[in-house]
There are 2 protein chains.
Amino acid sequence: VKHKILSENQSSKNMISGDRFKVVYKIKGDKELALSRANDICYEQTVEFPPDITPEGFINDNIVGRIESFEPVEKDTFHATISFANEVATSELTQLLNVIYGNISIKPGIYVESIDFNENLLKPFKGPRFGIHKFREYLAINNRPILCTALKPMGLTTKGLSELAYLFAKGGIDIIKDDHGIANQPFSKFEERVIECTKSINKANKETGFNCIYAPNITAPFSEIINRAKFAKEAGAGALLISPGLTGFDAMRTIAEDDSIGLPILSHPAFLGSYLINENGISHFALLGQLMRISGADATIYPNFGGRFSFSILECENIIKGAYTSMFHIKPCFPTPGGGMDYKNIHLMQKVYGTDVIYLIGGGLFKYSEDIVKNAQQFKEACV
Amino acid sequence: VKHKILSENQSSKNMISGDRFKVVYKIKGDKELALSRANDICYEQTVEFPPDITPEGFINDNIVGRIESFEPVEKDTFHATISFANEVATSELTQLLNVIYGNISIKPGIYVESIDFNENLLKPFKGPRFGIHKFREYLAINNRPILCTALKPMGLTTKGLSELAYLFAKGGIDIIKDDHGIANQPFSKFEERVIECTKSINKANKETGFNCIYAPNITAPFSEIINRAKFAKEAGAGALLISPGLTGFDAMRTIAEDDSIGLPILSHPAFLGSYLINENGISHFALLGQLMRISGADATIYPNFGGRFSFSILECENIIKGAYTSMFHIKPCFPTPGGGMDYKNIHLMQKVYGTDVIYLIGGGLFKYSEDIVKNAQQFKEACV
């Protein structure tokens, strides 16, 4: 069946720059199945139309994805590199994510390994406002790992959390963030907490001469998140924590790119685990590296190897690569492993992470003694 | 190690209503492992603190999650029902999602089966503005399945898409939505498309006496989505299509609850597949039923069984249950299976879905003949 209406109403070739970006998919199946899945991606992510009635001409030639390469990686596993016209993804992050993994996230056997952007596709995105180099300048910390901790447990009063903030800052922690689950509970309301914790940290900074900053959690409903970011900025917070899996990636990008806010962004992977720990998902490299950067994260938080989560050293190394890999003007961001910090594995961590890392230490700062300042100092000595 | 600062700065019991909501998790592992995972959920989703130093008193008694029941379902698989204080989740959807599946989405062996809300937890959420009953009134359709189709393929001009819209409307389709991947590409810009497709459908309605509505895709960046919703409303669109996996769930909720918009919402599952087709994820019942409703969907679109996706009849039946299950004042929504519609399986579909369903027919309307109006009429006759 051919439909005139489809063939006669196609856009013209001058709508297309010719620039195409590529996604590398890992596809399960024997060669025949994997190839048919690759072909399916080309249609499902663009025209969502049966191949046999997809109109010849502009649409078939330019809109449908294109298999650029197809190679075996191991038994019943293939890498298919598929290219899409930049114009299919537009300059909107929501639609870019959709082209990468929208409908096909619902089909089995398809995993996103990496994205090969091009300069024009990335042009509309600012990426991390600070990135590694400027974030270091901002913190006045050269050439050593940066230390971060989290205010918790939930259920403490603002007084309790701000006293903890004071002790952490006294002990030499560089960035003190809210625990990602501390939002606007009645135990410690957002605005009061931001004011009090900022005060405590400023007080400690005056006494120590350090430059510790506070990163409140602004993960919040759609109509609240910009207000929280601006409130935090006004109150003197030094950075912001956002879980884009909860807010949407574009909410984080919007805040990162907003010049009236202008603070470094720490991204948290809450609610994103299903992409990361399953066969059908998105790689650590692409999701926690590339996509966090395009969405404006200056630091990408994730569970460290050896901790209470399940990431392997190899997966963490892939996050590092995704945090550093060349993406034109999009700056690299800090790998920020959390959990699993211990004196025992510090040498291994130093070997894996080197210098350009933010170590996120949570419960560890409570574990060794009753003196939180001393615990922080000892961690710092061990790590830097 | 005990820390005075933790025990002395706990919130007071009057911060807690005593209302707790429950999440049923399916946990993999032998009894010992599964129980330790259940225990882990209680801490990870709330205090994120090592159990041995979590302070006794208010925090331990009220903030930490509580295992309400723990039962085997099959070999090495258990159901753990865990309750959380309403105040831990607050009235913010972002934090509610975080408590349900934030950090533990990153830990293996944990799957969300269902959520047992309570009346007070749901009070701040309006849910679907229309729901099944009012959506029927709005469409003036009693007691028969509703027919929906999608404008595609991407790459057609606005003229082409609006001509298709006219033919679909003439053929008696009730709801004509944009394909979920058609956003604001240069081939058919959003505003122009909304104006032209609305016109075409109104013209057809005048000729047929039907009441067909247009549902443009407003999935868009954070700063654009409200504008698109309002533009669509102004232009006379009858409903809105949103992919909350791309925009964040709370963006959809915000639009659904906005009285100045006031249109029915169709949710699309793009980018949510990793939760749905993996071992570590969220059930069809909870994600496509319960959570879509709390986020304001009047119709929950998903891939039908027997189509080009992978859902089973059982999974589709669980979506139906999630779309209908009692959630206090939160209205039920329409199951909206897409794809896989064919004369061959219509009897099975009628058996599974009954009357309260929106059938989403895409490529099928092009398949049988060159006469799109006739194809639509034939489908309608077969389905209703």
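Glu48(A) sits in the loop that runs between helix H2 (31-44) and helix H3 (58-63) of chain A. Its phi is near 45°. That is a positive value in a residue other than glycine. The model is a predicted one, and every value in this report is computed from it.

**Two cis prolines**

Next come two peptide bonds. In chain A, the bond from Lys152(A) to Pro153(A) is cis, with omega near 0°. Pro153(A) belongs to the loop between strand S5 (146-151) and helix H8 (158-170) of chain A. In chain B, the bond from Lys152(B) to Pro153(B) is cis, with omega near 5°. Pro153(B) lies in the loop between strand S5 (146-151) and H8 of chain B.

H8 of chain B leads on to a set of helix pairs. The table lists their axis distances and crossing angles.

| Helix pair | Axes come within | Crossing angle |
|---|---|---|
| H8(B) (158-170) and H9(B) (190-208) | 8 Å | roughly 25° |
| H8(B) and H18(B) (372-383) | 7 Å | roughly 40° |
| H9(B) and H10(B) (225-235) | 9 Å | roughly 25° |

Start with H8(B) and H9(B). Their axes cross at roughly 25°. That angle makes H8(B) roughly parallel to H9(B), because angles under 35 degrees count as roughly parallel. The crossing is right-handed. On the H8(B) side, the contact is made by Thr158(B), Leu161(B), Ser162(B), Glu163(B), Ala165(B), Tyr166(B), Ala169(B) and Lys170(B). On the H9(B) side, the residues include Glu192(B), Arg193(B), Glu196(B), Cys197(B) and Ser200(B). By class, this contact of H8(B) with H9(B) divides into 7 nonpolar, 4 polar and 7 charged residues.

H8(B) also meets H18(B). Here the axes cross at roughly 40°. H8(B) and H18(B) are therefore oblique to each other. Their crossing is right-handed. H8(B) brings Leu164(B), Leu167(B), Phe168(B) and Lys170(B) to the contact. H18(B) brings Ile372(B), Val373(B) and Gln377(B). The classes in this contact of H8(B) with H18(B) are 5 nonpolar, 1 polar and 1 charged.

Now follow H9(B) to H10(B). With axes that cross at roughly 25°, H9(B) and H10(B) are therefore roughly parallel to each other. H9(B) passes H10(B) in a right-handed crossing. Phe190(B), Glu191(B), Val194(B), Ile195(B) and Thr198(B) make the contact from H9(B). Arg228(B), Phe231(B), Ala232(B) and Ala235(B) make it from H10(B). The contact of H9(B) with H10(B) has 6 nonpolar, 1 polar and 2 charged residues.

**Empty space inside**

Rolling a probe the size of a water molecule over the atoms shows where empty space is left. In this model the count comes to 5 cavities of 30 Å³ or more. The largest cavity has a volume of about 110 Å³.

Which residues lie nearest the centre of the largest cavity? They are Pro244(A), Gly245(A), Tyr275(A), Gly245(B) and Tyr275(B). They are part of a lining of 15 residues. Two elements give two or more residues to this lining: helix H11 (244-247) of chain A and helix H11 (244-247) of chain B. H11(B) gives the most, with 3 residues.

What classes of residue make up the lining of the largest cavity? The lining has 11 nonpolar and 4 polar residues. It has no charged residues.

Key:
Residues numbered from 1 in each chain as written. Chains lettered and ligands numbered in written order. Predicted model: local features only at pLDDT ≥ 70, side-chain atom pairs only at ≥ 80, totals over all residues. Heavy atoms only, no water. 1 Å grid on protein atoms, 1.4 Å probe; cavity = no way out; pocket = protein on both sides within 12 Å on 5 of 7 lines; lining within 4 Å. Points joined across faces, edges and corners; volume = space filled by probe spheres on them. Helix = DSSP H or I, 4+ residues; strand = E, 2+ residues; numbered from the N terminus. Nonpolar A, V, L, I, M, F, W, Y, C, P; charged D, E, K, R; others polar. Axes fitted to C-alpha atoms, helices over the stretch in contact; angles between N-to-C directions. Parallel < 35°, antiparallel > 145°, perpendicular 65-115°, else oblique. Left-handed = near helix turned anticlockwise from the far one by under 90°. Contact = heavy atoms within 4.5 Å.
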